[in-house]
Amino acid sequence: MLLVQDIIMKILIVDDSPTILKFLVKILNKLNYPDVITASSAKEAFSILDNLSVNLILLDWNMPHMNGLECLQILKNSNDLRQIPIIMVTIEKTVDKVKEAIDNGAEGYIVKPINIELLKLRLKDIEESNLLGFKQ
């Protein structure tokens with residue numbers, strides 16, 4: 001029987017900050033998520049998703065050219081990509097912004113600066129849910 005802990009999640013981080021990208025990769029690796037890909041824009045993320053399957057997206061809200069909410073809306077309206085769980089990781093912390101992200105399909109929301117324990121909990125929630133299709 002295949003167990004959730006036996007599956008390596010492929011995580012895509014989308015953030016325009018090189019510092020945040022490096023930080024999240026390092027943290028995810030320490031939390032035993034070794035398969036991490038990064039994109040510095042929504043456009044780059046879509047290019048990656050054209051060629052690669054991922055199990056989870058960590059998505060920043062404030063990015064140039066296309067913000068994270070617009071990216072979220074496109075992903076959740078795509079027949080091929082809507083099943084990918086998305087956790088917004090952003091400085092946007094108003095209730096209205098959180099509600100807007102959740103209403104548009106985000107499965108989680110983490111406010112920067114990133115609380116590592118909260119990130120860990122959100123990742124476990126995603127793993128343990130049916131969102132990834134891991135449960136039978």
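A contact here means heavy atoms within 4.5 Å. In this predicted model, residues 24 or more positions apart account for 63% of the protein chain's contacts with a separation of 6 or more.

## Overall layout

The protein chain holds five helices and five strands. Read from the N terminus, its elements follow the order β-α-β-α-β-α-β-α-β-α. The chain has 136 residues, and 44% of them count as buried.

## Strands E1 and E2

Strands E1 and E2 pair in the parallel sense, with five bridges between them. Valine 14 stands opposite alanine 39 in E2. From E1 the chain passes through H1 to E2, and this β-α-β crossover is right-handed.

Isoleucine 37 sits in strand E2. Is isoleucine 37 buried or exposed? Its relative accessible area is 17%, so isoleucine 37 counts as buried; the cut-off for buried is under 20%. Beyond its neighbours within four places in sequence, isoleucine 37 is in contact with Lys10, Ile11, Leu12, Ile13, Ile48, Leu52 and Val54. The C-alpha atoms of isoleucine 37 and valine 25 are 8.2 Å apart in space, while the two residues are 12 residues apart in sequence.

Leucine 31 belongs to the loop between helix H1 (18–30) and E2. Apart from neighbours within four places in sequence, leucine 31 is in contact with Ile116, Lys120 and Leu123. Leucine 31 and lysine 120 are 89 residues apart in sequence, yet their C-alpha atoms are 7.5 Å apart in space.

## Strands E4 and E5

Strand E4 (residues 86–90) and strand E5 (residues 108–111) run parallel, joined by four bridges. Valine 89 stands opposite isoleucine 110 in E5. Together, E4, helix H4 (residues 95–103) and E5 form a right-handed β-α-β unit.

Threonine 90 is part of strand E4. A polar atom of the threonine 90 side chain lies 3.1 Å from the backbone nitrogen of glutamate 92. Neighbours within four places in sequence aside, threonine 90 is in contact with Asp60, Trp61, Asn62, Tyr109, Ile110, Val111 and Lys112. Two of these contact partners, Asp60 and Lys112, return in the next section.

## Salt bridges

Side chains of opposite charge can pair when their charged atoms come close. The count of salt bridges comes to seven. Three of them are listed here, among the seven.

| Salt bridge | N to O distance |
|---|---|
| Lysine 10 – aspartate 35 | 3.2 Å |
| Aspartate 60 – lysine 112 | 3.3 Å |
| Aspartate 103 – lysine 99 | 2.6 Å |

Lysine 10 forms a salt bridge with aspartate 35. Lysine 10 lies in strand E1 (residues 10–14) and aspartate 35 in strand E2 (residues 35–39), so this pair ties together parts that are 25 residues apart in sequence. Aspartate 35 has 27% relative accessibility, so it counts as partly exposed.

Aspartate 60 and lysine 112 also meet in a salt bridge. Which parts of the chain does the pair link? Aspartate 60 is in the loop between strand E3 (56–59) and helix H3 (68–76), and lysine 112 is in the loop between E5 and helix H5 (116–128). These distant parts of the chain are 52 residues apart. Both aspartate 60 and lysine 112 are buried.

Aspartate 103 counts as exposed because its relative accessibility is 54%. Lysine 99, with a relative accessible area of 48%, is partly exposed. Elsewhere, salt bridges that share partners join Asp15, Asp60 and Lys112 into one network.

Note on methods: Residues numbered from 1 in each chain as written. Predicted model: local features only at pLDDT ≥ 70, side-chain atom pairs only at ≥ 80, totals over all residues. Heavy atoms only, no water. Helix = DSSP H or I, 4+ residues; strand = E, 2+ residues; numbered from the N terminus. Buried < 20%, exposed > 50% of the residue type's maximum accessible area, 1.4 Å probe, protein only. Pairing = 2+ DSSP bridges. Right-handed = clockwise from strand over helix to strand, strands pointing away. Polar contact = N/O pair within 3.5 Å; in protein donor to acceptor, adjacent residues only side chain to side chain. Salt bridge = Lys/Arg side-chain N within 4 Å of Asp/Glu carboxyl O.
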